[in-house]
Amino acid sequence: MTQQPDVEIYIKNVVLNDLASWLAEVFSDTDIKLITNIKLDSPKPVTTHISLDEQRIELMITPRAAGKAYTSIWFKSQNTPWESDLVCAHSALTNMDTEVRCSAESYTESEEEFSEKWWKLTRDSKELVVWA
């Protein structure tokens, strides 16, 4: 399977300590203090860099990215350990007991219309939903 150009997931009611722990397990150079101090009541994106096998990856965390409940976690690189958003979402659920959503299809700039089909995952379920 081909790597996506980037990976993005949406975490419902994210607990920042859980997010920081998960990222620190997967990546080196994780700025735990920055992540745990993100203001979840503001939709202002926070950008940082993490490392994987000496590759620097830009990470953007955006609270309230989809309504008030969902925080976007966007790895702006194809050099992640996951081949898709779905694999990343499953990885996140190993450290978080919440709901994670991700696009059902890889997005490309040439698409005229963005797919409204999303994976909705919890530790116990996985379903395809329309998220408009």
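**Entry 1**

I started with E58, which counts as partly exposed because its relative accessibility is 27%. For my own reference, buried means under 20% relative accessible area, exposed means over 50%, and partly exposed lies in between (1.4 Å probe, protein chains only). I keep in mind that this is a predicted model, where local features need pLDDT of at least 70 and side-chain atom pairs count only at pLDDT 80 or more, while totals for chains, interfaces and linings use all residues. Residues are numbered from 1 along each chain as its sequence is written, and side-chain values use heavy atoms, with hydrogens and water left out.

Next I looked up what the side chain of E58 meets, and found a salt bridge to K76 at 3.7 Å, N to O. The pair links distant parts of the chain, with E58 in strand β3 and K76 in the loop between β4 and α3 (85–93), 18 residues apart. My rule for a salt bridge is a side-chain nitrogen of Lys or Arg within 4 Å of a carboxyl oxygen of Asp or Glu. Helices (H or I, at least four residues) and strands (E, at least two) are DSSP runs, numbered from the N terminus. K76 is partly exposed too, as its relative accessible area is 31%.

**Entry 1: the other salt bridges**

I then asked how many salt bridges the structure holds. The count came to 3. One of them joins R101 and E99, with the closest N and O atoms 2.6 Å apart, and both R101 and E99 are buried. Another brings the side chains of E127 and K120 together at 4.0 Å, N to O. There, E127 is partly exposed with a relative accessible area of 38%, and K120 is partly exposed with 23%.

Strand β1 (residues 7–12) runs antiparallel to β4 over 6 bridges, and I11 stands opposite T71 of β4. Strand β3 (residues 55–66) also pairs with β4 in the antiparallel sense, over 5 bridges. In that pairing I noted I73 of β4 as the bridge partner of I61.

Last, I followed the chain from β3 to β4, which form a hairpin with 3 residues between them. In the turn, G67 has a positive phi of about 70°.

Terms used
Pairing = 2+ DSSP bridges.
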